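Me: I have a protein model open and would like to go through it piece by piece. Can you take my questions as they come?

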Amino acid sequence: MTTNQKKQKKTSKLIKLDKITKRSDYLRASDSKYVRANSLVVQFYNRNDSSGPRYGITATKKIGNAIKRNKAKRRIRSLVKDLLPIYGKNGYDYVFIAKETLINEKWEDLIEELTSVLKDYKYE
């Protein structure tokens, strides 16, 4: 565990992270605002409630075979568990869509990229 990860764990708000499980929730998020980054796309949807943030992960066949898709999803899942409790907002759904470059990206670059996306997003 790096020192940055230790700092983030100490400063994280204890928010329960739920997964998005219904297709209708994914479709609702797909029609909402999004931010493109080098290695992923993040879709934001305001549910207008006070429950904790929820997240969903998508990796399409454009990325590659099942091994590459699973690796991309594992990397995103790890990023989400580290960063969403700190930078996520209650009442929002976050859908993370992997791009092909995510697999070969350096871990530090991914942390920096997702941190900037979550910090800089203009919440309504």
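Me: What percentage of the residues in the protein chain is buried?
Reply: Buried residues make up 41% of the 124 residues in the protein chain. Buried means under 20% relative accessible area, exposed means over 50%, and partly exposed is in between, with a 1.4 Å probe and protein chains only. This is a predicted model, in which local features need pLDDT of at least 70, side-chain atom pairs count only at pLDDT 80 or more, and totals for chains, interfaces and linings use all residues. Residues are numbered from 1 along each chain as its sequence is written, and side-chain values use heavy atoms, leaving out hydrogens and water.

Me: How many helices and strands are there?
Reply: The protein chain has four helices and five strands. Along the sequence the pattern reads α-β-α-β-β-β-α-β-α. Helices (H or I, at least four residues) and strands (E, at least two) are DSSP runs, numbered from the N terminus.

Me: In what order do the strands sit in the sheet?
Reply: The five strands form an open sheet in the order β1-β4-β5-β3-β2, with mixed pairing. The edge strands are β1 (18-19) and β2 (33-36), and each of them pairs on one side only. Two strands pair if DSSP finds at least two bridges between them.

Me: And what holds strands together in general?
Reply: Strands of a sheet pair through backbone hydrogen bonds, either parallel or antiparallel.

Me: OK, β3 next. How many of its residues are buried?
Reply: Five of the seven residues of β3 are buried, so the strand is mostly covered. β3 and β5 pair in the antiparallel sense over seven bridges. In that pairing, asparagine 46 stands opposite tyrosine 92 in β5.

Me: What about β2 and β3, parallel or antiparallel?
Reply: β2 and β3 run antiparallel, joined by four bridges. The two strands form a hairpin with three residues between them. Tyrosine 34 stands opposite glutamine 43 in β3.

Me: Is glutamine 43 buried or exposed?
Reply: Glutamine 43 counts as buried, because its relative accessibility is 11%. Glutamine 43 lies in strand β3 (residues 40-46). Leaving out residues up to four places away in sequence, glutamine 43 touches Ala29, Ser30, Lys33, Tyr34, Asp93, Tyr94, Val95 and Ile97. Contact means heavy atoms within 4.5 Å.

Me: Changing topic. How many residues are in the largest nonpolar core?
Reply: The largest nonpolar core has 26 residues, and those with the most contacts inside it are Val42, Phe44, Ile76, Tyr94, Phe96 and Leu114. The elements that give two or more residues to this core are β3, β4, α3 (66-87), β5 (92-98) and α4 (107-120). The largest share, six residues, comes from α3. A nonpolar core is a set of buried Ala, Val, Leu, Ile, Met, Phe, Trp, Tyr and Cys residues joined through side-chain atoms within 4.5 Å.

Me: Which strands does α3 lie across?
Reply: α3 lies across β3, β4 and β5, running at about 160 degrees to β4. Axes are lines fitted to C-alpha atoms, for helices over the stretch in contact, and angles run from 0 to 180 degrees between N-to-C directions.

Me: How many aromatic pairs are there?
Reply: The count comes to four aromatic pairs. One of them is phenylalanine 44 with tyrosine 94, which is edge-to-face at 5.4 Å centre to centre and 75 degrees between the planes. Rings of Phe, Tyr and Trp (its six-membered ring) pair if their centres lie within 6.5 Å; planes under 30 degrees apart count as stacked, over 60 as edge-to-face and the rest as tilted.

Me: Why does the pair of phenylalanine 44 and tyrosine 94 tie together parts 50 residues apart in sequence?
Reply: Phenylalanine 44 lies in strand β3 and tyrosine 94 in strand β5, so the pair ties together parts that are 50 residues apart in sequence. Phenylalanine 44 and tyrosine 94 are both buried.

Me: Why is the pair of phenylalanine 44 and tyrosine 121 stacked?
Reply: The ring centres of phenylalanine 44 and tyrosine 121 are 3.7 Å apart and the planes are at 5 degrees, so the pair is stacked. Tyrosine 121 lies in the segment after α4 and phenylalanine 44 in strand β3, so this pair ties together parts that are 77 residues apart in sequence. Phe44, Tyr92, Tyr94, Phe96 and Tyr121 form one aromatic cluster.

Me: Last one, glycine 56. Which residues is it in contact with?
Reply: Apart from neighbours within four places in sequence, glycine 56 is in contact with Ile20, Tyr26, Tyr94, Val95 and Phe96. Glycine 56 lies in strand β4 (residues 54-58) and counts as buried because its relative accessibility is 3%.
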